[in-house]
Amino acid sequence: MRIVRLKKEQREFFLDMDHFYMMERLEFPGSFALAALAENETGSGKIPAGLMICTLKSDRLVIEWLCVAAAYRTKGIGERLLTEAFEAAREGKLLTVCASFRREDLRERIYPESELYFQQRLFGERRSLPGEWLTDVRTIASIPYLKRKPEEGFQVYPLRHLTGTKRSEAIAAFAGLEKLPVLYPLSEGNDLLDQDLSLLLLAKGKPCGALLVQCVTTPVREVRSGTIVQTGEHQTLYPVMFYAGSDKAAGVLLSAVAREAERKYAPDTAVRVIIRDSNYASLMEKLVPDAHIDSWFLTAQVADYALWKEIKASMNRR
């Protein structure tokens, strides 16, 4: 059994273990995937056996997804992947490793009792995560709050209408502000930014808000007669940075991006909003009618890594 860093060209071989398109997060800085590869019966090839998707935050490593193929469960693959997560956190000098849960996928990871699986492996403290929603363009565009007439005194500029220098200056200015609800680190030259939905807001000529949206396109593939074929594309819009100097400015930004998304994308295009530990979480909770707020972390301390290795050794001796 080998544990390897998943390469982009290998992703299609792990689609059966990616029930909720979690691998699309690998397009963003700070996210990576580790894969478990087993030998086939003849020893001439590799079989996908496990998948773990992680995001490196400034203070923690978050396990976004952990799944082991049914034929390889109870063989210690999950423990090996978790060991790699602790190693990555320790190398990054992070204090905690967190397992992320959402009610929608609780029973889809490793075992039916997946939360218990982590609790038995150092993950103890449970923290709620109000601020993660999966919705679509149709729902966003239908929200009454966002269908109001534009407020006077504000000017909204899509990034497409800004020169390269001004765009870079605007992104750098807002990326440098503290306590911005950022889903993923902003990086200059990132071609995932949607130039029409990413907006800069000005009041009296001065920046007072910004909303940056990234679009990830994931091929939709299925197995037909033993062959993987592509049947279409799955698009997800990620608001990756949101800042507004007032509630009025926030309303202007959100209304503008809702109108543009409705114009540009199909109604069923997915929109994933993640705003954690932010003053905007309560605002989004009111706006998104199908909000999934049943999400939480289980956390483990990297300092307990030595204990984890003892637990792992004990499991191997059974």
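Let me start with helix 5, residues 247-264, which has 18 residues and reaches 26 Å from its first C-alpha to its last, close to the 26 Å expected at 1.5 Å a residue, where the expected span is 1.5 Å times one less than the number of residues. Helices (H or I, at least four residues) and strands (E, at least two) are DSSP runs here, numbered from the N terminus. This is a predicted model, in which local features need pLDDT of at least 70 and side-chain atom pairs count only at pLDDT 80 or more, while totals for chains, interfaces and linings use all residues. Residues are numbered from 1 along each chain as its sequence is written, and side-chain values use heavy atoms, with hydrogens and water left out.

Staying with helix 5, its buried residues include A249, L253, L254, V257 and E260, buried meaning under 20% relative accessible area with a 1.4 Å probe, protein chains only.

Now to the strands, where two strands pair if DSSP finds at least two bridges between them. Strand 2 (residues 31-39) and strand 3 (residues 46-56) pair in the antiparallel sense over nine bridges, and E39 stands opposite K46 in strand 3. Strand 3 is also joined by seven bridges to strand 4 (residues 60-68), again antiparallel, with T55 opposite V62 in strand 4; these two strands form a hairpin with three residues between them.

Next, the aromatic rings. Searching the whole structure gives five aromatic pairs, where rings of Phe, Tyr and Trp (its six-membered ring) pair if their centres lie within 6.5 Å, and planes under 30 degrees apart count as stacked, over 60 as edge-to-face and the rest as tilted. For F86 and F123, the ring centres are 6.1 Å apart and the planes are at 55 degrees, so this pair is tilted. Because F86 lies in helix 1 (residues 77-91) and F123 in the loop between helix 2 (114-119) and strand 6 (125-128), the pair ties together parts that are 37 residues apart in sequence. Both F86 and F123 are buried. F118 and F123 have ring centres 5.3 Å apart and planes at 90 degrees, so that pair is edge-to-face, and F118 is buried as well as F123. Ring pairs link F86, F101, Y117, F118, F123 and W296 into a cluster.

One member of that cluster, Y117, also has the charged end of R121 over its ring, 3.7 Å from the centre; the criterion is NZ of Lys or CZ of Arg within 6 Å of the ring centre and within 35 degrees of the ring normal. Elsewhere, the charged end of R5 sits over the ring of F32, 4.3 Å from its centre.

Notes: Buried < 20%, exposed > 50% of the residue type's maximum accessible area, 1.4 Å probe, protein only.
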